[in-house]
Structure formats: structure tokens, C-alpha cells
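These are my notebook entries on one structure. I wrote down what I looked up, in the order I looked.

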Amino acid sequence: MKSLIIKGAKVIDIINKDFYKKDVLVEGGKIKLISKNIKKKNSRCKIIDAQGLYLFPGFIDLHCHIREPGREDKESIKTASLSAQWGGFTTILSMPNTEVCLDTPEKISSFVNAVKSDSTINIYPCGALTQGRKGQKICEYALMMKEGALAFSDDGNWIEDSSVMMLALNYLSSLGGLCISHCEDAKLTWGPGRDDLLSFKLGLLPFFELSESLSVSRDIHIASFLKARLHLTHISTGSSLEIIKKAKVQKFISCDTCPHYLILDNSYLEDFNTNFKVNPPLPSEKDRKTLIKGLKEGVIDCITTDHAPHTLEEKESSFLDAPSGMIGLQTLFGLCFKYLVEEGLIDIFTLIEKITINPARILKMDSKGVIEEGKDADLVLVDLNEEFIFREQDILSSSKNTPFVGWRLKGKVKYTICGGDVVYKE
Amino acid sequence: MKKIKHLLDLKNTPEEWIEEVFKVATSFKEVLTRPLKKVPALRGKTVVNLFFEPSTRTRISFEMAAKFLSADVINFSTSVSSIQKGESLLDTLRNIESLSADIVVVRDSSPGTPYILSKYTQASVVNAGDGTHSHPTQALLDMFTVKQKKGRLEGLKVLIVGDILHSRVARSNIEGFTKFGAQVSVCGPANLIPFYISDWKVKVYYDFDQALEDKDVIIMLRIQRERQNTGYIPSLREYRYLYSLNKERFHRLKKDTLIMHPGPVNWDIEISSKIKPYVHPLILEQVNNGLAIRMAVLYLLSQG
């Protein structure tokens, strides 16, 4: 049997918030043994000398966009997989708002088949919550789950009709499925700015904080009424967090935010660089600080990329015409480690739990997200001391829309191991 | 004097450069009264008017300004967005760039377009209005008009009335007048004045009768007729009732209050036609000052 020994790494223990120096034996795609001084058993056994490196569970992204099927020129399963493993991700969830919307079991099945042939990491489809993401009729959740849909979302749209949302959540939760909600009352999104003076001066009409908080509040009310699981994605305001915090006494509510809401604020929009245009828009400085606090206090469960590839042509338009979104699979860890952990805003254990064990729990993946004997050998080895400049030529995605080119990041992924195989080595 | 390459907004434009614009505009204004109005200042230079949003008045003003300075002028106007034509904004610029323009005058319906273009061109970029963001030459001509009439800007009480939320003229005027020490207030329907504007040290009034009392300058903004259809205001007649400068309000003003309007005026909506004989001359003088100001801006940027 193929086996692999990772020798001398500092292995993270998220539960006890500690690191211990032990060897890890990987066999048959699983973590077989964690112990001191594991010896090589046969010649087929590979050894990674991981002295000075940190061993984390492979990162898990609950929210990314792959443009397959339909716009493989922007991002295919293949290129997404390459970017993800460079960034330390071994499991990612692809949102259904592709050109061909993932709203039937057949489409889910063909996506899963494409992943089998094109990806070396785990890429799971998130199915659409309603047919065509139109917010009107619910999808065949059970059949889609059977084909491999791991969660359901109309991401990009909020379900405006409360009756549809109630029917979707009620039915989905009876099947044990997870709903991921993009909270935005589009009628309260007048433009790509925030409701503050800075955006007003820039002439960017507001995405009202009410646009998010009202929809968060409605969704939480429905979920609470039904006792249904609900995950709120890319949360970007303090007022939403306050509502979520109160609701979290009920264990079935969770949420995430993205690095750009934790590291950037809307003052970056001052020269109208369209690579900074995201939806929801970059937060005010005050909201950014509140989000970091929410991360620390555990109100925010996960950090997701909201990796959103767009062509250069699309981003080379005016600020209003340019599509929203930035790519993020390669930069999430290096950014968060450098600008959150190194800055003393959160500790390394908090960062790691947000991108491993917490998303694994939300997705009910018991065998992922931790380093324990018997669990899946999805692992990442990182040099936490290495600082580097993220360069354009480092980008493996088919799209290059990131404002972080030229930024100093810290924490370089050296090996990514998925299902026991080394899928990426620097 | 510190030279600048582009005129994108007033926030980042030094006061002394603005003073210089006023000085140069004063002499160009004199030139405009001569029988032969042409000066050779921009001979051999090319000015491209790149208008992605329909505009007659501002485009003509820039075109005449460039022509009076002896520049060659190319008008590139399109009401169809470049994106719809399958060409990116920057590609359009790259095409213009091949015409080796010295100054590109840009108008677009999106905030920031002149900023984006300025990063990719050798030419000087002049913002001729970018969406709801900024309209620096309009503010400069308004300030110039006030300065000529009052001799100063500092300490003056300026009131801007109308749709502040969507107005680039309001934003640039607040930026410009406060830069020179004037006190700016705004007045209009609550739905068209974001409450957080008060963080800008701008006083907010919803009651025009209360607002107009002690003002030295009142700038009446044009109300877009579609605002009543999108629900910001219930109707134009209600707007007129609350915010029109009518005869009664006009007579309550201080004798020397200046009434200005960026044009075109919706007579009997923003301003009653009954007072047209009293207010129209100054509004037309603004247009004339606009020409002088744009000549000064083009001239100073070409020196950069």
C-alpha cells in the first residue's frame, strides 16, 4: 500500500490550541498514525522532511465560484483546482450561479464527473436553491444530494419571496441539507458604495447596511421558526453581526466573511480600481473592525474566499459596469496570516479553525478538518516564516482580477496533500 | 506654482492652482469680449472630447474653449456604452491614444472613469462630469462667478438646493467652496439628501424657507424629472411647493444674494419664471464664465 511519512513538522492541535512535534504516517488516503519517530517500513514509502514547517488540516472553502460549465475561459475546474492547492485548499464548494445553473441532478452529476477527471482536490458542487436561481420554485434537493450536491444556495441572489424561502428551508432541512443564503435585499442596493460619507464623496450610491441586515434578520426568523440549518455567507456589516450573535444561541445558525472584508475597507475605492469592486461592497473602517471582533468572539464561523474570476475585458470597464468580485484562493491564507495573525488581531488557532474544522462541521464532513488518526489525509504544510510578494505570474487562475498583486503576504504553502497524495509541492 | 497633470476632482487639486485658474480665466474672459477671440496658446495641440454620456452644453463649452485656444478638437460622443459595443473602456481609450491627443476631456455616467483613464494615458485628463461623483469645471466656474461678484469666497454662506444625492455639481461645489472657507449648507427632500452628509460639516435643511434667510449664494440644482417616477419624491408639484424659488421666497432674500443654476433650468419647477428677468442674466453669465474657466483649465494643463 502507498504510504507517506511527514517527518518533524509542528502539528496543530486545534482543540487544545497547541502545536506538537510528531511524525504523521499517511496510508490509504487516511491518517494512519501520529507518533514520534515513525520509521520507514518499505521502499515504496515516501518521506517528506518537514522540519520547520507547520502541518495543518487541508483548508476548506465554503464559498467559491468556478465558471464551469459555461465560462471555462474565466475559470475551469482544472484551473480552480490548481489555484486552490497552491493556496493550501483541499476542499472547496463551488457556487451554482454558473452560466448553466446547477439546478438539476443531471447537471450536478456532470459537474461531479468533470471534477473526477480534472481536479486533484475535492471540489463539491453547491446546488441551486430554486430553479434557475429565480427564487420561485424549489429544486430536487434529494436527487441532487444523491448526485453529490453538498449544500444549496441561490448565491448572487437573495430569495425575496418569504414563502419560497420558508418552503425551501423547511423541505431542505427535513432532508438534512444545508442552505447557504446570500443576504441582500436588492431593492436596498442603490449602488456599489456604502451608506457613509466616504462613499457619498466618491459618488458611489449606497448598498445600505439595511440591505444585508434586513435580509439576515428575515432569514434567521424563518430558520428559527422551522429550526432549520442556515448558513449566512459573506457577511459584511456590524449590524448583521449583532443580529447573528443573538440568533446563535440556536446552534443551527452559522456565518462566514471574506478576507477582503477583514483587511480592506472602502477607502481603497478612492482611485476607482475595479479590482476592488466586490458585492457586498468593501466595508467602512468601523464595520471592518467589528467583523474582526466577530471573528475573534466566534460569531463568525468561517473565512471564505468568494473567489470570483472575471476576465480582464470585463474588469477594464467603468466602475459601474465592471462585474463584482475578486479571485482569492491563492491569497486567503497569506493575507489572513500576515494582516490578522501577525498584526495580533487574532491568533493562529482562530485563523485555522475558520478554514478547517468549522467549515467541515458546517458541511457535516466528519472525516475532514482535523488532524487525527483515522481522518482523511487532507493536509497542508506551511512555512509560517516565509514572507513573499504575490506576483502576477504566481496566478494560476484563468482570471487575474485581484487587487493583491504586489502585496506582501506571509505563510507559504510548501506541500498540499489531498487524500494521501501530494498534489502540490512548491 | 505647483503644476498638475490631470483635473479629476477638486479634493486633490491644490488651492493655489485653483487661484491660478481664476487669474488666467479673468484674462481669457477679457479676450472673449474682443472681436477676434482666438489666442494661439494651444496651437498644434489636440484636445479630444470623449463623451460617453449625452451632453450638449458642457461639450460645446469645452469645444469652444479649445477652439479659442487654437487647439485641434476631436469630438468622440456616444450614448451607447462602449461595453454594449463589445469594446472595453480602456480599449476605447487606447484607440483615442493612437490619435496622440494632448488633452482628453471625459464625461461618463460612472463615477471614476476619468481616474481609470488617467492611469493609462500620456495625455492630461479633464473630468467633465463622472456620474454622481464630480464635475470640477462646473464648480470652478461657480466659484469664479461668486468671486467676481463678491470679491471673495471666504466666510460666505452658500446654499445648494435640490437633489444632492445624485448631484456631481453639489459634491464638487461643497468640496470647492469649503476649500476656500465658505460655509456650505444643503436643502432638499430628505430622500435626496443622505443623512450622513452632516459628517462633512455641511448643514442640512429640509425647510427651504428657513434655509434661505441669511444666504449670500444660492445654487439651485436641476431636478431630474424621472425622480418622481422612481419614488424619491411624490410629484413635481409637491417639489415645487416645497423647494421652488418663487416670487415670495425671492423677495425674502438679502438684496445681494446671488442666484445661480448650472443649467438647463426647468423654469417653474426649480425657479419661477416670474423672477426670470432678475435671475437669468447671472445664469447666462455663468455660461460665459464657464468658457473662460475651461480655457484656463486647458491652458494650465497644457503647460504641465
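**Entry 1: a hairpin in chain A**

I started at A:L25, which stands opposite A:L33 in β5(A). The two strands concerned are β4 (residues 23-27) and β5 (residues 30-35) of chain A, which pair in the antiparallel sense over five bridges. I use "strand" for a DSSP run of E of at least two residues and "helix" for a run of H or I of at least four, both numbered from the N terminus. Two strands pair if DSSP finds at least two bridges between them. The hairpin of β4(A) and β5(A) has two residues between the strands, and A:G28 takes a positive phi near 60° there.

I noted the conventions next. This is a predicted model, in which local features need pLDDT of at least 70 and side-chain atom pairs count only at pLDDT 80 or more, while totals for chains, interfaces and linings use all residues. Residues are numbered from 1 along each chain as its sequence is written, and chains are lettered from A and ligands numbered from 1 in the order in which they are written.

**Entry 2: the parallel sheet of chain A**

I then followed an open sheet of eight strands in chain A, in the order β8-β9-β10-β11-β12-β15-β16-β17, with parallel pairing. Its edge strands are β8 (59-64) and β17 (302-303), each of which pairs on one side only. Strands of a sheet pair through backbone hydrogen bonds, either parallel or antiparallel. Within the sheet I looked at β9 (residues 89-94) and β10 (residues 122-127) of chain A, which are joined in the parallel sense over four bridges. A:I92 has A:I123 in β10(A) as its bridge partner.

**Entry 3: A:A80**

A:I123 came up again among the contacts of A:A80, which touches A:I66, A:E75 and A:I123, leaving out residues up to four places away in sequence. Two residues are in contact if their C-beta atoms, placed from the backbone, lie within 7 Å. A:A80 lies in helix α1 (residues 77-86) of chain A. Is A:A80 buried or exposed? A:A80 is buried, because 30 other C-beta atoms lie within 10 Å. The cut-offs are 20 or more other C-beta atoms within 10 Å for buried, 12 or fewer for exposed, and partly exposed in between. I also checked A:I352, which is 272 residues from A:A80 in sequence and 21 Å from it in space, C-alpha to C-alpha.

**Entry 4: the domains of chain A**

Chain A is divided into domain 1 (3-54 + 376-425) and domain 2 (57-362); such bounds come from an automatic or database domain assignment. The C-alpha centres of these two domains of chain A lie 26 Å apart. I found 29 residues of domain 1 of chain A in contact with 41 residues of domain 2 of chain A. On the domain 1 side, β18 (379-389), β19 (408-418) and β20 (421-425) of chain A each give two or more residues. β19(A) supplies the largest share of that side, seven residues. By class, that side has 16 nonpolar, seven polar and six charged residues. Nonpolar means Ala, Val, Leu, Ile, Met, Phe, Trp, Tyr, Cys and Pro, charged means Asp, Glu, Lys and Arg, and the others, Gly among them, are polar.

**Entry 5: chain B**

Chain B has ten helices and nine strands. Its C-alpha trace spans about 55 × 45 × 35 Å along the principal axes, and 45% of its 304 residues count as buried. The domain assignment of chain B gives domain 1 (15-134 + 288-302) and domain 2 (136-287). The contact between them takes 20 residues from domain 1 of chain B and 17 residues from domain 2 of chain B. On the domain 1 side, α10(B) gives the most, with six residues.

**Entry 6: between the chains, and the core**

How many residues does each chain put into the contact between chains A and B? Chain B gives 23 residues and chain A gives 18 residues. The largest share of the side of chain B that touches chain A, three residues, comes from α4(B).

Last, I looked up the largest nonpolar core, which has 215 residues. A nonpolar core is a set of buried Ala, Val, Leu, Ile, Met, Phe, Trp, Tyr and Cys residues joined through C-beta atoms within 7 Å. A:L55, B:V104 and B:L298 touch the most other members. Helix α10 (residues 276-302) of chain B gives the largest share of this core, eleven residues.
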